[in-house]
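Morning, everyone. Let's look at charged pairs and surface patches today. Here is the model.

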Amino acid sequence: MCWRNERPALPHGRATAPAAIGFRKARGRVPASGAPVPEISSSCKSCQFCLPLRSPIKMSTQTIESETAREIISYDPATGEEIGRAPLAGGRDVRDALKRARAAQPAWAGLSFRERGQVILRARKIVLAQLEEIGRLISRETGKPVAEAISMEIIPTLDLMHYFAHSTERLLRPQKIDIGNYGLMGRSSQVIYKPLGVVGIISPWNFPWATPLDEVVMSLMAGNAVVLKPSELTPLSALKIGEIFKQALLPTGLLEIVTGDGTTGAALTEAGTDKIMFTGSVETGKRVAESAARHLTPTVLELGGKDPMIVLADANLQSAARAAIWGAFCNAGQACASVERCYVHESIATEFIDLVVKETRALKQDKATESNIDVGAMSNEKQVRIVEEHIADASSRGARVLTGGRRTQNLSGLFYEPTVITEVDHSMDLMRNETFGPVLPIMTFKTDDEAIRLANDSIYGLTASVFTSNMRRGRRLAEQIEAGTVMVNEVVYTHAVAQTPWGGVKQSGYGRTHGRLGLLELVTPQHIHVNRVPLVPDVWWFPYSTGAGLLFRRLARRFTTGSFLQASLLLPQMIRRLLERRQ
Ligand code: NDP
């Protein structure tokens with residue numbers, strides 16, 4: 001059965017270059033959780049979306065024959081040109097990839113951190129040597145300017161590779177635990193961190209290089225193997241990651257890349273990996289969590305956001321305005337941490353909005369290949385339509401578009417004008433749902449409490465920001481905002497700071513990537529407890545007796561206070577209990 005053909009309502013545009021760029025690669029969706037994942041059979045001859053393969057499929061570090069013999073095509077959203085093709089892996093491909101990863105992992109886990117780090121650093125060198133080529137590839141697959149591909153994807157990842165190659169050993173050093181009064185009884189405890197095994201990574205299209213590569217590096221450094229399923233919209237960036245690691249001599253099987261669509265992702269969640277690191281939408285995240293729960297596979301869900309920015313009256317307005325437009329329009333607004341709602345104090349609103357509009361009108365938008373471009377194309381038609389719907393809904397309810405508010409007229413690709421819009425309120429989709437496009441809605445507030453209430457009036461909680469010249473006040477407000485990360489006088493960028501945790505609260509997901517907390521998601525903590533005086537039986541062992549009962553009651557009162565003095569007062573009774581055993 002060809003599942004794709006059963007969804008005629010979805011514009012597809014896979015197999016042929018799109019007549020209109022508007023129909024570039026619409027998203028394949030797998031059935032709701034619980035339904036069996038359809039296998040795509042090679043007998044589908046009539047499907048206009050499935051192409052026969054011309055060559056054996058290259059998957060990551062090796063060449064294999066695919067069961068499905070189909071491929072996906074990657075297009076440049078700025079021009080509609082085909083960039084290249086990648087295999088559409090089916091369920092068996094995914095299971096085979098997992099088998100290879102499982103076979104390769106134990107030897108890798110047996111290496112020292114230093115040895116693993118050497119591979120990562122070799123890969124890092126290769127990335128640096130191919131910086132321009134990689135920047136252009138990311139730019140062509142996503143529509144973002146090359147400069148942005150380098151600044152927002154490649155630089156942070158180079159930094160992260162350096163950090164985890166050198167720091168993982170320290171971050172995962174065995175930890176001695178203070179066990180209080182049990183220590184007096186000759187015991188000690190330590191937590192050691194062991195690799196999970198095979199980590200499944202499912203990543204989206206908006207940062208096709210940084211999002212998967214960061215997690216690949218951390219997983220590998222922790223001693224795991226990886227099966228990576230990138231978005232169907234950006235398979236070539238992921239295959240490039242595979243190529244880099246192959247050149248860096250990462251042993252075969254440790255990084256398996258299964259390109260494909262939602263069915264491939266669903267197959268990975270069912271395949272039995274030891275963890276799923278999922279980055280994507282709330283809707284798909286819930287399906288992934290359900291599917292993983294059936295196998296008790298732990299998950300980290302990095303989902304969407306509707307991130308608020310609060311500008312207090314004492315903020316530096318020039319700097320806040322610049323931050324707002326970069327935060328809203330970088331990556332054409334397609335960042336999970338984009339500034340999607342801006343709340344400005346009423347006393348400075350006019351001045352702030354004037355600055356924002358002026359700066360926005362000065363932005364240059366064009367094809368990503370031009371060097372001085374600020375805002376590139378959006379990545380796919382579905383996303384452009386969501387932006388259009390949000391603007392139309394807000395406008396019909398009285399919002400005012402101050403600049404932008406439509407597709408870019410003189411460009412034929414998937415371009416949407418950077419848009420500033422005011423007179424918005426929380427009844428509008430634009431203020432409630434993720435827009436994921438170059439739109440900055442601005443609302444005013446009167447008091448700090450109102451600003452916090454508005455910021456927290458959302459199902460999401462990924463990042464947020466507060467702009468003020470009073471750091472203490474900024475910090476106080478930051479602590480009241482419901483979000484995984486709150487920045488004071490900064491926006492968006494902390495995903496790039498490898499040392500800090502990244503993740504959300506509420507519907508923005510759970511678990512963390514990056515930093516020590518992110519690394520801990522990729523290992524199993526094991527508690528090792530040692531009794532250094534094994535010849536002395538524990539007082540709580542059999543046989544129970546009247547004396548034992550008495551002692552237990554005293555233990556309850558004194559031992560559990562945590563006080564060394566109180567516990568030592570029990571010493572005579574404990575000795576009596578030991579002697580009682582001997583009789
Ligand atoms: P999707 O949820 O559509 O897709 C994410 C990944 O899941 C893709 O690889 C997709 O494959 C795959 N997938 C689709 N269906 C299934 C399924 N049933 N089981 C397993 N995997 C599946 O998200 P987008 O790609 O549209 O990405 C945009 C979203 O990602 C936004 O909401 C954004 O906020 C969020 N995001 C969150 C980040 C964070 O750190 N919190 C960072 C970046 C983005 P395919 O594309 O081939 O269909």
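**Salt bridges and patches**

Asp 393 counts as buried because its relative accessibility is 16%. Buried means under 20% relative accessible area, exposed means over 50%, and partly exposed is in between, with a 1.4 Å probe and protein chains only. A word on the source: this is a predicted model, where local features need pLDDT of at least 70, side-chain atom pairs count only at pLDDT 80 or more, and totals for chains, interfaces and linings use all residues. Residues are numbered from 1 along each chain as its sequence is written, and side-chain values use heavy atoms, leaving out hydrogens and water.

Back to Asp 393. Which residue does Asp 393 meet in a salt bridge? The partner is Arg 397, at 3.0 Å from N to O. A salt bridge here is a side-chain nitrogen of Lys or Arg within 4 Å of a carboxyl oxygen of Asp or Glu. Arg 397 has 46% relative accessibility, so Arg 397 counts as partly exposed. Next, a network: Glu 381, Arg 385, Glu 388 and Arg 407 are joined by salt bridges that share partners.

How many salt bridges does a search of the whole structure find? The count is 27. Asp 76 and Arg 140 make one, with their closest N and O atoms 3.5 Å apart. That pair links distant parts of the chain, 64 residues apart. Asp 76 sits in the loop between strands E3 (71-75) and E4 (82-87), and Arg 140 in helix H3 (residues 131-142). Helices (H or I, at least four residues) and strands (E, at least two) are DSSP runs, numbered from the N terminus. Is Asp 76 buried or exposed? Buried, because its relative accessible area is 7%. Arg 140 is partly exposed at 26%.

Now Arg 294 and Glu 270. Their closest N and O atoms are 2.8 Å apart in a salt bridge. Arg 294 is in helix H8 (residues 282-294) and Glu 270 in helix H7 (residues 262-270), 24 residues apart.

Patches take residues with over 30% relative accessible area and no salt bridge, joining like charges within 9 Å and nonpolar side chains (Val, Leu, Ile, Met, Phe, Trp, Tyr) within 5 Å. Tyr 182, Trp 540 and Trp 541 make a nonpolar patch of about 320 Å². Areas use the Shrake-Rupley method with a 1.4 Å probe. Trp 541 is in the loop between strand E20 (523-531) and H16. With a relative accessible area of 43%, Trp 541 is partly exposed.
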